[in-house]
Structures are given as structure tokens and as C-alpha cells.
Amino acid sequence: MQTYSGPCRSVLYIPGSKPRALEKAQGLAVDAIIFDLEDAVSPDEKIAARDLLAETLKTAEYGPRRRIVRINGFDTDWGAEDLKAVAASGPDAVLLPKVDGGADIAKLAEMLDAIPAAKDTTIWAMMETPRGILNAAEIAAAPRMEGFVLGTNDLAKDLRSTGRAAMMTSLQLCLLAARAEGLICVDGVYNAFKDDEGLRAECAEGRDMGFDGKTLIHPAQIEIANAAFGPSEEELALARRQIAAFEEAKAAGQGVAVLDGKIVENLHVASAQRILAQAEAIARLEG
Ligand code: COA
Ligand code: MG
């Protein structure tokens, strides 16, 4: 299942305990927000953050930005109460941390089924444990699933790994599972939030792998992610030319066109149409 078809280029984490950040996000150019009650909030702030977030979701205006709430896991003292408090305001999605298998999602889906305000609330999964990565396919196929968020910091901790190269199998398994079920798949955070060049390079890598966007920790990262994961002018121009070339070939009774010395088949046209549709969705969101 996936119900959201808008862009997810930039997905900003906001600690649920920070009123200034919650307010600031109402005016930021992000496609989605993860309101965090889990690791960005210290244990002694958990309950105050939950109350602040529940109230904020009822009263604050986030426009077209997708509102995703990351609750604490159900194996903690806070998870069940977090869900009760935030689901009453009908967020777009609930993000469950440290998902190990499809049963974790099925349990959350059943809890949402019992909350009328959460009738249309979807589920996103943090993919950040070795077991969860190995069970990516069954997690993606679980009820109410809409998206994966790669939790690369937790994953590196559990793998005892360093660097992106060690992460590749995990990232690709998640992408495969997400695409098999038509879900959104968002890359992990770039921790050095003052290093624009490093962020740009990691965004480009994630985009080329097939991710829809990147999770972010600081407003200074938004523009770079939006630019990397949105189609460029060159990509749009090429997409239009590919569609035109294919139409022309088809009118001449050919099944295949040639453009700039490269073959254009109907599968390339499908990709070109996806890029144009993405640009339209971005324009709708920004307009
Ligand atoms: N979302 C919204 N606004 C944010 C923000 C965020 N994630 N991070 C910072 N801001 C705001 C600040 O409130 C500040 O606003 P103002 O100047 O208009 O009052 C402005 O952006 C500049 O912040 P800055 O002083 O540069 O950052 P900081 O030193 O206060 O905080 C971090 C740096 C990393 C602690 C902070 O960005 C943060 O908490 N990020 C989220 C971490 C998180 O959620 N982690 C969990 C998932 S990995
Ligand atoms: Mg984590």
C-alpha cells in the first residue's frame, strides 16, 4: 500500500521537545516532517514532548508537508501512550522505530484500526536493525505500509561498520523491498550538518541508487536535498525530447526511437513520464 504520491525529497527530523523548531518548520521548504519522540528526545523530556507534540499537531498549520510522527518503540515505557496521544490528531503517518519484522507493523496497524481519527493514517518503518533489513520484504508487504526510512546510524552501530560502502547491501535490500510493494524509500541522515559538499555527494549517491529523498537533521540541509532529488532542467528537457522522439517513431510505424545516439524504448518513455509527473507534483506542492 502507498497512498501519498507527492514528493519526499526532503524529510526533516524535528525533536518533539523543541517548540522553536516545531514552529520554524511551518515555514520551511520541506516535503515531509518527522516529528520525533524517540532518539532526539531524552528520557526525562519524553512525556512533556509527547504532550507538546499532541497539542502542536492539533493547532499548528503545516500546509502540504507530510506529517509523520516517530513514536517510541512498544518495548519502552512510552510507545503505547505516544501512539494514543498523537494518533488522536490524525497524523498522516506513524513511523515505528527498530522494526524487526512484519508482525511489528501488523500490531501497530491493529492499534490504529481501533482509533477512528487514525482511519487514514499510514505506517512508515525505520529500517535500522539487522533483523529488520533481512525481513524487509515482509515488512514492506505489511498492512498500512507507506514508506521506509533508513536508520543508518543505528544500523552502523549494530553492524559495527564504518562508512557508506559497508551499508550498500542493506540500502539496496530496502530499496528492492520498497519498490516491490510500491512504497516510498528515504535515505538515512548525513550527520555532519555543516558539510554541504559531503551532503551533496551523499544525496547524489542516494538519488542514483533510487531513493526518493533524504532524511535531514537541520534546516541548512533542505535546499541541497530538494535540488538533488528533484528533476533538473536538463533531465526535464531530455524527458520531453525522449517522449517526442518516441511518439514520432511510433507514428512512423517504429517500436523504437533513437535520440542523441541512444535507443529510446517504451520503458524509457515510462521513466520520462515519471520524471515529468514528479516535476508537476513538486510544482503543485510549492505553488
Ligand atoms: N527542525 C527545525 N528547525 C531546526 C532544526 C530542525 N531539525 N534544527 C535546528 N532548527 C532551527 C533552530 O531552532 C534555529 O532556529 P532560529 O535560529 O530561527 O531560532 C535554527 O534552525 C538554527 O539552528 P542551529 O542553532 O544552527 O542548530 P542547533 O545548534 O540549535 O541544533 C541540532 C543543532 C543538530 C542539535 C538540531 O539541528 C537538531 O536537534 N536536529 C534534529 C536532530 C534529530 O532529530 N535527531 C533524530 C534523528 S537522527
Ligand atoms: Mg534509530
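Student: R144 in this model, buried or exposed?
Tutor: R144 counts as buried, at 12% relative accessibility. Buried means under 20% relative accessible area, exposed over 50%, and partly exposed in between, with a 1.4 Å probe and protein chains only.

Student: What should I know about the model itself?
Tutor: This is a predicted model, so local features need pLDDT of at least 70 and side-chain atom pairs count only at pLDDT 80 or more, while totals for chains, interfaces and linings use all residues. Residues are numbered from 1 along each chain as written, chains are lettered from A and ligands numbered from 1 in written order, and side-chain values use heavy atoms, without hydrogens or water.

Student: Back to R144. Where is it in the chain?
Tutor: R144 sits in the loop between α6 (136-140) and β6 (145-150). Helices (H or I, at least four residues) and strands (E, at least two) are DSSP runs, numbered from the N terminus.

Student: What about phi for R144?
Tutor: Phi is near 65° at R144. That is a positive value in a residue other than glycine.

Student: And phi at R160?
Tutor: R160 is not a glycine, yet its phi is positive, about 60°. R160 lies in the loop between α7 (152-159) and α8.

Student: Is R160 buried or exposed?
Tutor: R160 is exposed, with a relative accessible area of 79%. R144, in contrast, is buried.

Student: New topic. Which residues come nearest to ligand 1?
Tutor: Y13, R20, K24, I217 and H218 come nearest, out of 15 residues around ligand 1. A residue counts as near if one of its heavy atoms lies within 4 Å.

Student: Which element gives the largest share of that shell?
Tutor: β1 does, with four residues. β1 (10-15) and α1 (19-24) each supply at least two residues of the shell.

Student: How do the shell residues divide by type?
Tutor: Nine are nonpolar, one is polar and five are charged. Here Ala, Val, Leu, Ile, Met, Phe, Trp, Tyr, Cys and Pro count as nonpolar, Asp, Glu, Lys and Arg as charged, and the others, Gly among them, as polar.

Student: How far is K24 from an oxygen atom of ligand 1?
Tutor: A polar side-chain atom of K24 lies 2.8 Å from a ligand oxygen. For K18, an N or O atom of the side chain is 3.0 Å from an oxygen of ligand 1. A polar backbone atom of I217 is 2.8 Å from a nitrogen of the ligand.

Student: How much of ligand 1 does the protein cover?
Tutor: The protein covers 62% of the 900 Å² of accessible area that ligand 1 has on its own (Shrake-Rupley method, 1.4 Å probe).

Student: How many disulfides are there?
Tutor: Zero, in a search of the whole structure. A disulfide needs two cysteine sulfur atoms within 2.5 Å.

Student: How far is C174 from the nearest cysteine sulfur?
Tutor: That sulfur belongs to C185 and is 5.9 Å away. C174 is buried, at 0% relative accessibility. For C203, the nearest cysteine sulfur is that of C8, 14 Å away. C203 is also buried, at 0%.

Student: How many aromatic pairs?
Tutor: One. F35 and Y62 are edge-to-face, 5.1 Å centre to centre with 70° between the planes. Phe, Tyr and Trp rings (six-membered for Trp) pair with centres within 6.5 Å; planes under 30 degrees apart are stacked, over 60 edge-to-face, the rest tilted.

Student: Where are F35 and Y62?
Tutor: F35 is in strand β2 (residues 32-36), and Y62 is in the loop between α2 (46-59) and β3 (66-70). The two are 27 residues apart. Both are buried.

Notes: Polar contact = N/O pair within 3.5 Å; in protein donor to acceptor, adjacent residues only side chain to side chain.
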